[in-house]
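Subject: Structure handover

Hi,

Here is the structure we spoke about. Please open it alongside this note, and my findings follow below.

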Amino acid sequence: MDSKSGRSGACVENVLDSMVPALLADKNRKFIYVEQAFFQRWWRDQSETIQDIVKQLVGSGQLEFINGGMCMHDEATTHYIDMIDQTTLGHRFLKKDFGVAPRIGWQIDPFGHSAVQAYLLGAEVGFDALYFGRIDYQDREKRKGEKSLEVVWQASRNFDASAQIFAGAFPENYEPPPGGFYFEVNDDSPIVQDDVNLFDYNVQDRVNDFVAAAVSQANITRTNHIMWTMGTDFKYQYAHSWFRQMDKLIHYVNKILDGRVNALYSTPSIYTDAKFATNESWPIKTNDFFPYADRANAYWTGYFTSRPAIKYYVRMMSGYYLAARQLEFFKGRGDSGPTTDALADALAIAQHHDAVTGTEKQHVANDYAKRLSMGYDKAEELVAASLACLAESKTSAGCGDPTTKFQQCALLNISYCPPSEIDLSHGKKLIVVVYNSLGWKRNDVIRIPVINEDVIVHDSNGKVIESQILPLANAHVSMRNYYVKAYLGKTPSEAPKYWLAFSVSVPPLGFSTYTISRAERTGSTLSTSSIFTPQATETSTVEVGQGNLKLTFAADVGKMTHYTNSRSSVKESVQLSYSFYTGNDGSDKDPQASGAYIFRPNRTFLIKPEEESPLTVMRGPLLDEVHQQINPWIYQVTRLYKGKEHAEVEFTVGPIPIDDGIGKEVASQITTTMATNKTFYTDSNGRDFIKRIRDYRTDWDLKVNQPVAGNYYPINLGIYIQDDKTELSVLVDRSVGGSSLVDGQIELMLHRRLLHDDSRGVAEALNETVCIQDKCTGLTIQGKFYFRIDPLGEGAKWRRSAGQEIYSPFLLAFTEEDGGNWMSSHVPIFSGIEPSYSLPDNIALITLQELDDGKVLLRLAHLYEIGEDKDLSVTSSVELKKLFPGKKIRKVTEMSLSANQEREEMEKKRLVWKAESSPEEPKLARGRPVDPAKLIVELAPMEIRTFVIEISSLPNRMPQDGRYAA
């Protein structure tokens, strides 16, 4: 069923059921299939006989799987790790069940196309070509004239031609050509009537239509091969109706034209091979295809932010899935018990181009969220069991039957965490296990809600560690109460009055344990935050921050004014503001409305802070907070942590009021005096940063119709601007749209609530509500962004390291101490890697997963681009023996990115395309093959390497103190 329309009459089952006999009827017929999540549902229901027939059709090339991921993922709002995971899931299924590896990328429907898709999810998974339907209407017209719809796409500055791919945009989206070639049972196109006894005999007319369409496309295409996409959404419900007409067209075109036009059933693979065989040189394309507009006032840049709660849920589950797979590996994947599989499936399908994008109907969005929730429940069980196993295993003999019951807090973002909200009187103690899924040691501050003010925190050595109590803001309490009732169907217990913040230090791929108890006396290690509200006199200013970073606020206007870092000598005027765009309702001469896909603003309104709502400042030893009620539906907290040199801004936006009948799109701005010359940089799927220039496109002379929407770009990791002295970086906690619409300023769109459909297939307004019984209110969004200003050239280090910490937050698990001394009876500190080892600062472990066959899937990613950082943009290495202590590594096989074929085999098969005017650059380095004796993996800048590793356990080699298990 299509996720946009919710049409129940059209379904994948009908397509596949009718496709099999249609292909069997004629061995010349061909069919391609893409999304494995839907195919697998059908496949599991088929008899052994049908499965054998389908395997024969695949073997003969009549049925070809292309793209091959679980879904056709989006390219703007997806994170590269999720793109890799969902593609791997589909590719490994196809390899296992059919013995095939897809050769072609087929991203025909996503709304713009990313650099990461081209080089990473294209070339690096072994694709020979990538085809797509949607590019900007201005770009398409220019390319038609230049015959440059097909290009060699060199999307990576780091790998140039070594990760290039042949790419083609369709002349008119993914449809049959103009001229009436739709052959569903009820379609309007004239069939080929070849019975001369009937009055509607039309063979010559249909052949003429065919030739006219072919010549028209040939005139905008290089070489004498063209491809027609014979189908579109919901088609082939009865495949025979299509094949019967195509059989006739092919027969009569070839008979009447006698070879001048040759028509045949084909696939994208056959077409690609034909193009390659011509030895043509192709134009070069660099960077990406964002933003996308299909006409003058229709920029598809609204979906970069649409449904921000779903976007956050997907991102949160993505980081959780990464950590859960690590713990599943450390515990060992058993034949029974919970696994991460359900979460893997739910996350995979959530990457669909009408899922995480926010461009589905509300009931479909609810279905995606429900599947994620069900997947999380299973993974949460697995995580709790794994942590219990590791905490109770004083030897590496295995788990036995762990008795510890760990609880987690999926709703901590709305201040709800029942395991931490226990009364600690009468000697009760709370155990908190903090898991770090990053490959390096992490020191940070965590915050949990508590009901007692006089609490104390001990580390695993029994040493009291510094902590701080902060009051829970009324805005957060009311949000907690409403959303717990809405989502869990029950009124939560009395809200905790405080946040407890404390410092933690956690080893790589491991955990540390902390004990929280009532303090017998208030010592210097427990601090209640001082709270004050500065008087709003004309000259009053407030400075917060205890370390190198200080932020200054003007009390009279309630605004941040300055950012000062004493270590780096950066001092910059900075202001944070909010505004909203009124969404166009489509009632003017151009009926295009703002909606789930399209951002078409009417006017902009600055939101001024409430005069009667002054700043509230909280100070303490670990962090300072500045609270501000911006207006009745926007609340902001600015945090500065001790030892950190960035600011964290937490925003609560909603319910957005619509009682005036006007939809609104809410944005936040960070404004400086930097002279940025229209230039800013945004990430591609959390990976490479791409230079953007306001009102400019590299590939054509842009006609500016929408100066706001046409300058918005997708952001998954961050955005930055720079001048000749400094750079301002902003990192995000989910996919958002953003831009630099004014020099020195960065803008992020945080939330959208609209009252009109934008006529792109959803057929619903983007008006999200949350209901308790029959009372519904607009959705409130709580989220964070982070900003920092560095001397020019020094910002990448923070963007890359903090970006990893945002994507992979600590995983917290709670239990109560049940008599005895937890620390002496359990393993309080664990690391899954060798105790003295950590990954280099520029390398991330993005996959550690035990596969069904007991082998291990390992992916390592270099985080930096060439020239991005003076110290870290260098080749680094990882010692596999230290990643797997206590294990014997029997075999290491380097694989393609999606782990469905050996890397060496993939490279041998790769088609090397000729490009026009390819710039002469030195061959860029990649890591050398892994020596089976040394077992060291090298990674060059931006390189991701994927391995399947066969390991076996060694006799127990755990250190004497029992603090590390393997």
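The model is predicted.

In the second largest pocket, α4 is the top contributor to the lining, giving eight residues. The space in this pocket comes to about 1,400 Å³. Its lining has 48 residues. Closest to the centre are Q40, R44, M70, L89 and D345.

Several elements each supply at least two lining residues here. Among them are the helices α1 (12-24), α2 (36-44), α4 (80-98) and α11 (341-350). The helices α10 (308-331) and α12 (362-392) also belong to that group. Two strands do as well, β43 (843-850) and β44 (856-862).

What is the make-up of this lining by class? It has 20 nonpolar, 20 charged and eight polar residues.

**The cavities**

How many cavities of 30 Å³ or more does a search of the whole structure find? It finds twelve.

The largest cavity holds about 1,200 Å³ of space. Its lining counts 41 residues. Nearest the centre lie Y312, L412, K784, P809 and F810. Helix α10 gives the most to this lining, with seven residues. Other elements supplying at least two residues each include β12 (442-450), β29 (647-653) and β40 (781-791). So do α14 (796-807) and β41 (811-816). By class, the lining has 22 nonpolar, ten charged and nine polar residues.

Note α10 here. It supplies at least two residues to the lining of the second largest pocket, and it also lines the largest cavity.

The second largest cavity has a volume of about 150 Å³. It is lined by 15 residues. H79, G686, L717, G803 and Q804 lie nearest its centre. Helix α14 provides the largest share of that lining, six residues. The classes come to six nonpolar, five polar and four charged.

**A five-stranded sheet**

Next, an open sheet of five strands. Its order is β3-β4-β6-β5-β8, and the pairing is mixed. Which strands stand at the edges? They are β3 (104-107) and β8 (284-286). Each has a single partner strand, so one side of each has no neighbour in the sheet. On average, neighbouring strands of this sheet are turned by 30 degrees against each other, direction ignored.

Inside the sheet, β4 (residues 129-132) pairs with β6 (residues 165-169). That pairing is parallel and runs over four bridges. F132 has A169 of β6 as its bridge partner.

Strand β34 covers residues 718-722. Four of its five residues are buried, so the strand is largely enclosed by the rest of the structure.

β34 pairs with β31 (residues 679-683) through two bridges, and the two run antiparallel. In that pairing T682 stands opposite I719 of β34.

β34 also pairs with β35 (residues 726-732). This pairing is antiparallel too, with five bridges. I721 stands opposite L728 of β35. A hairpin of three residues joins β34 to β35.

When you look at these strands, keep one general point in mind. In a regular strand the side chains alternate between the two faces of the sheet.

**Two residues in loops**

T340 sits in the loop between α10 and α11. Is T340 buried or exposed? Its relative accessible area is 1%, so T340 is buried. The T340 side chain makes a polar contact of 2.7 Å with the side chain of E328.

S425 sits in the loop between α12 and β11 (430-436). S425 has 17% relative accessibility, so it counts as buried; the cut-off is under 20%. The side chains of S425 and D423 are joined by a polar contact of 2.9 Å.

How far apart are S425 and R518 in sequence and in space? They are 93 residues apart in sequence. In space, C-alpha to C-alpha, S425 and R518 are 6.5 Å apart.

Best wishes

How values were computed
Residues numbered from 1 in each chain as written. Predicted model: local features only at pLDDT ≥ 70, side-chain atom pairs only at ≥ 80, totals over all residues. Heavy atoms only, no water. 1 Å grid on protein atoms, 1.4 Å probe; cavity = no way out; pocket = protein on both sides within 12 Å on 5 of 7 lines; lining within 4 Å. Points joined across faces, edges and corners; volume = space filled by probe spheres on them. Nonpolar A, V, L, I, M, F, W, Y, C, P; charged D, E, K, R; others polar. Pairing = 2+ DSSP bridges. Axes fitted to C-alpha atoms, helices over the stretch in contact; angles between N-to-C directions. Buried < 20%, exposed > 50% of the residue type's maximum accessible area, 1.4 Å probe, protein only. Polar contact = N/O pair within 3.5 Å; in protein donor to acceptor, adjacent residues only side chain to side chain.
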